[in-house]
Amino acid sequence: MTNYQTVAPDETQLRDGTIKLHGPEAFEGMRKAGRLAAENLDALAPLVQPGVTTAAIDDFVRQFTLDHGAVPATLGYRGYAHSCCISINHVVCHGIPSDKTLKDGDIVNIDVTPLLDGWHGDSSRMYLVGDVPLKARRLVEVTYECLMLGIEQARPGAHLGDIGAAIQRHAEGNRYGVVREFCGHGVGRLFHDAPEVVHAARAGTGPELVPGMFFTIEPMINLGKSPVKLLEDGWTAVTRDRSLSAQFEHTIGITDEGCEVFTLSPKGLDKPPY
Ligand code: MF3
Ligand code: CO
Ligand code: CO
């Protein structure tokens, strides 16, 4: 049995395992937070160039977020000390900004989560640095398609597993591997909440989708079938065989008709080339 809980927009919310069902005011809050995440990712595009340090990108994200009246939700989150995650090439997710520079041919995921008026807008995109080989560009393209195919499944009456099934089918159809170690998540006043949104699943399984649910879909797709390992820093997740990994993330809300994507780019820059 799945537990759903209707929540008031101003209510303190607990991570109690229930799936929160939100009303119109919460949708309005998520629309604003999601839009800010998208605008931040749009504004980053010209910055992502060979020679730029990931710390400089992180500084930009922090400043942009603060300038727009929000706070980076990752700053101080479980001891994480940065304003975004930057994951290059074989880094699957949670790459830590540093003095490392981007190189020609890199593929990079930048993941931002502004906390605006109490609501989290969580989104990430891939960026291409300079001249990227076709093999890597294809992985990025198919990963974006995986996210959008997952989103297409998101409507009332469908099951959470339908999303993972669509993603898995497309990734494996292209002979890529779906990362199992990390998943999407409920989001709203809380950064990470129920349900877990797995990116490989059987259709018809999992909780039924109901209007008012907010969650992320954020498939990580690998060039190989390699498992993921965590580096000593406790955050950076990499493919064990160092094969390339790509990820895109949107935050969505289930509506009566289907779903609303809160983190769409106002400029149409949802995927590269930008
Ligand atoms: N934004 C990431 C997500 O999609 C979470 C990053 S948590 C951090 O869920 F602490 F690693 F930054
Ligand atoms: Co997320
Ligand atoms: Co994210």
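Biologist: Which residues coordinate the cobalt ion (ligand 2)?

Modeller: Donors are N, O and S atoms within 2.8 Å of the metal (3.2 Å for Na, K and Ca); water is not among the atoms, so sites may look incomplete. Here Asp122 (OD), His185 (NE2), Glu218 (OE) and Glu249 (OE) coordinate the cobalt ion (ligand 2) at 2.0 to 2.2 Å. This is a predicted model, in which local features need pLDDT of at least 70 and side-chain atom pairs count only at pLDDT 80 or more, while totals for chains, interfaces and linings use all residues. Residues are numbered from 1 along each chain as its sequence is written, chains are lettered from A and ligands numbered from 1 in the order in which they are written, and side-chain values use heavy atoms, with hydrogens and water left out.

Biologist: Why is the arrangement around the cobalt ion (ligand 2) irregular?

Modeller: Four donors count as tetrahedral if all angles lie between 85 and 135 degrees; four count as square planar and six as octahedral if opposite donors are over 155 degrees apart and all others between 65 and 115; anything else is irregular. The 6 donor atoms around the cobalt ion (ligand 2) subtend angles of 52 to 160°, so the arrangement is irregular.

Biologist: Which residue coordinates both the cobalt ion (ligand 2) and the cobalt ion (ligand 3)?

Modeller: Aspartate 122 does, and the two ions are 3.3 Å apart.

Biologist: Are aspartate 122 and histidine 185 buried or exposed?

Modeller: Buried means under 20% relative accessible area, exposed over 50%, partly exposed in between (1.4 Å probe, protein chains only). Aspartate 122 is buried at 3%, and histidine 185 is buried at 6%.

Biologist: How many residues does the largest nonpolar core have?

Modeller: In soluble globular proteins, nonpolar side chains tend to be buried together. A nonpolar core is a set of buried Ala, Val, Leu, Ile, Met, Phe, Trp, Tyr and Cys residues joined through side-chain atoms within 4.5 Å. The largest one has 33 residues, and Ile163, Leu209 and Phe215 are among those with the most contacts inside it. Helices (H or I, at least four residues) and strands (E, at least two) are DSSP runs, numbered from the N terminus. Elements that give two or more residues to this core include α3 (134-152) and α4 (160-173). The largest share, 8 residues, comes from α3. A second, separate core of 17 residues includes Leu41 and Val48.

Biologist: Which residues does leucine 209 touch?

Modeller: Contact means heavy atoms within 4.5 Å. Not counting residues up to four places away in sequence, leucine 209 touches residues including Pro156, Ile163, Phe215 and Ile254.
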